[in-house]
Amino acid sequence: MISRTKFIGAVEIGTSKVSVLIGELSQDRSLHIIGVGECQSRGVIKGAVADFRAASDATHTALMAAEQSAGTRIDEVYLAQTGGHLEGFYNEAAVNVSSADNMVSALDIDTVCRLAKSKNLPDGRMVVHHLRRPYRLDGRIVPDPLHLVGQRLEAGYWTVHGPEGKIADNIHVIRGFNVRVAELILSSLASGTVLASPEDRQNGALVIDIGAGTTDFVLYRDGSAQMTGVVPVGGGHLTNDLALGLRLTEGQAEKLKLRFGRATLATKDRAEKVWLNGDFAIGDRQFSRYGIEQVTSARVWEIFEVVKKKLGPAFSPEKTASGVILTGGTAKLPGIDEAAAKVFGVQARLGEAPAWVAENLRDPAFSSVLGLLQYGLSSRAEAGAAPRRKSSNWIGKLFATA
Amino acid sequence: MSQPPVNPPSTRTWRDIPQNVTPKAMTREGKKRLVIAVGNIVGLALVIGAAGWGIFELVSIWETNPTRITAAASNVPIRDIALRTDGVLDKGWVTRTLGISKRASLMELNLSMLQERLLATGQVQSAVVARKFPDILAVTIQERSPVARVMVRSGAAVPEAYMVSRDGSVYQGVGYDQALAETLPFLDGVKLVREGAGFARLEGLEQVSDLLGTARTNTPDIYRTFRVVSLARFPVDGTIAVKSTEVDEIIFGVVSDGFFKQLARLDYILNETRRQTPPQPLKAINLAVGGSQVPVAFDMPAVTSDGRAAHAAAKPATPFGTALFSPPPRNSSSSKRDF
């Protein structure tokens, strides 16, 4: 048998940096990450491409670095999608089981799924994801209703959609490198795939990925994604707040955030001062540590509050037993898990990459791009298994028309 | 409970976004990759196209005018002649015989003609000439082995020794070791008939070859004394007369006992006559009679063997120098030759 190996790239065009991973997918479907590329992002504001040329340059630099690191060329990538322009809604449908013996057929499943996905979108918007929630057969949750007996089959989809122009911009940035986009995947879903275990998803978990420009979240329940969302606020806003509040440049504020920023107030002595640079050179200044913590924690708190508000009644602490899983570059802020626990009323922890991930990729900033590879491969595997059902569907149609 | 037909409105997904980008929107690296990709596709298409065109052309030429293909391949001159032979002919002789010009190419050669040139020499029993591309001519030769020599006179020229092979072919031997060739006896009593550039095949050479071969293998001392082998009486009574240095005429019979037995008797007779004192020169030994007695003729009146000779049961047959030798009885004495 001929050994076939496929190389697939995962690209996340973030607000602060562009990350690229190259995975080697062997025939036994084991994945090895063989190339990494990073570049400071340019021309991207809150997850949306604002300057095509600058964004292309940065993305292509990262792609080239990854290809050099991997020693191979890639032809297609999985692309992360985020930004405030993405929205979602839930739509469900129900059908009566068609057969006389009330056994659910493939045709019934197909019908209810198509009905649930059939809601029209506003002009100029297109679907990014249809996330199916578990089926309900006569009110009970079933993962796969095929051949089960019941009378009423229900299916619901969380549909994520966005403006065609902004989605196309992201795709065109990649195509400018003459690489095809094989899958477009929500950043939150990607992070959730790699950080939330199947048990977490079954018990209920909220995964929050706080990037530089946006905060992506996904709520899991009953083993599947219930809801996703994007808040156009991220770690960059903490930096901006510090720069405005303390009258610093963006670079100085970023430095202070990384050194002294916290998601909760930990400093008791309000008079405690910290130096901007610590080198006592001209321009080095002192700032109140408490003040810095106040600014950063307030913004982090606000982000969580906005996420909670967007989740609305979908989130309840009782149905989120696995708690909140935090990731993204801003998740490295000290005390952020404590802040999340206070806001959501459930336990919170920093997400940990699976054991197979190399040490240099275990940073929370890579969880999204790691998840792209994992989600993309699993969705492709599902797509590959889909025709089997289609054939049974065809046979069902044959009998239905006879 | 039948379901109403469902025709939900189709929603557009991100997959509906065309992924083709104009080169203007590409970065330099993207353009480079595009050029390489296009180049690869074009190159592959060209290779496939060229291969297809080549096959088409070859097929069409083969169908219409096959000689054009040979003409196309006739530009490479022959670099070497690869010779395989079971005899003594060498590459120089083959090159001279074939007479191929240095500029000739493989495809120009007429292999049948070359084969005929080789076979025109009687020494060559069979020849295979083959092209070994790109530039080697392979020649495989099976040669005849000489069993005797025959003197041939062409017009007024000095007679020349030719070789005679087992199948009766008469040919001018090339490349044989002189000393080895001189050990071959001459053939007599045959009529050489011209046939083309050579001679017609001689009859009876198979039997001569068997006789000489048996003698060379089993009684090499006797074989070395053979000088002339005559087939003069072969067509009449099936006998072969041999003239040796010791006996004027030794007659071997083809239809009587095998050559091995006849040579054994000859060996015995020669030994016995050498023992006699004084040794009696032998004139003729007729081994073709067969049976237990051998007529022997001497150059002087025969002396009946006595003593150990009498033991050999030699009896006077005629009073004029002839005698009949009988083989010794089996197991009569350990010193006696057993036939």
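Two residues count as in contact if their C-beta atoms, placed from the backbone, lie within 7 Å. Keep that cut-off in mind for what follows. The model is predicted.

Start with A:Gln40. This residue sits in strand E3 of chain A, which covers residues 31-40. Leaving aside residues up to four places away in sequence, A:Gln40 touches A:Lys17 and A:Ala58. A:Lys17 is 23 residues away along the chain, yet the C-alpha atoms of A:Gln40 and A:Lys17 are separated by 4.3 Å. Is A:Gln40 buried or exposed? A:Gln40 is exposed, because 11 other C-beta atoms lie within 10 Å and the exposed class takes in counts of 12 or fewer.

Now step back to chain A as a whole. Its secondary structure comes to ten helices and 19 strands. The chain has 402 residues, and buried ones make up 48% of them. Take the contacts in chain A between residues at least 6 apart in sequence: 69% of these join residues at least 24 apart.

Next, two helices. H1 of chain A spans residues 52-70, and H3 of chain A spans residues 164-175. Packed helices are described by the angle between their axes and the distance between the axes. For H1(A) and H3(A), the angle is about 50° and the axes are 9 Å apart. That angle makes H1(A) oblique to H3(A). Their crossing is right-handed. On the H1(A) side, the contact involves A:Phe52, A:Ala55, A:Ser56 and A:Thr59. They meet A:Asp169, A:Val173 and A:Ile174 in H3(A). By class, the residues of this contact are four nonpolar, two polar and one charged.

Follow the chain past H3. A:Asn178 lies in the loop between H3 and strand E12 (180-186) of chain A. Its phi is near 60°, a positive value in a residue other than glycine. A:Asp138 lies in the loop between strand E9 (135-137) and strand E10 (140-142) of chain A. With 15 C-beta neighbours inside 10 Å, A:Asp138 counts as partly exposed.

Then comes helix H4 of chain A, residues 187-195. How many of its nine residues are buried? Nine of the nine are, and the helix is mostly covered. Among them are A:Leu189, A:Gly192 and A:Val194.

Turn to a sheet in chain A. Five strands form an open sheet, in the order E15-E14-E13-E18-E19, with mixed pairing. Its edge strands are E15 (224-231) and E19 (348-350), each pairing on one side only. The twist averages 20° from one strand to the next. Strands of a sheet pair through backbone hydrogen bonds, either parallel or antiparallel. E13 (residues 205-210) and E18 (residues 324-327) of chain A run parallel, joined by four bridges. Within this pair, A:Val207 stands opposite A:Ile325 in E18(A). Helix H9 of chain A, residues 336-344, lies across E13, E18 and E19. H9 runs at about 155° to E19(A).

Finally, the interface. On chain B, 22 residues are in contact with 30 residues of chain A. The side of chain B that touches chain A has eleven nonpolar, seven polar and four charged residues.

Notes
Residues numbered from 1 in each chain as written. Chains lettered and ligands numbered in written order. Predicted model: local features only at pLDDT ≥ 70, side-chain atom pairs only at ≥ 80, totals over all residues. Buried ≥ 20, exposed ≤ 12 C-beta atoms within 10 Å, placed from the backbone. Nonpolar A, V, L, I, M, F, W, Y, C, P; charged D, E, K, R; others polar. Pairing = 2+ DSSP bridges. Axes fitted to C-alpha atoms, helices over the stretch in contact; angles between N-to-C directions. Parallel < 35°, antiparallel > 145°, perpendicular 65-115°, else oblique. Left-handed = near helix turned anticlockwise from the far one by under 90°.
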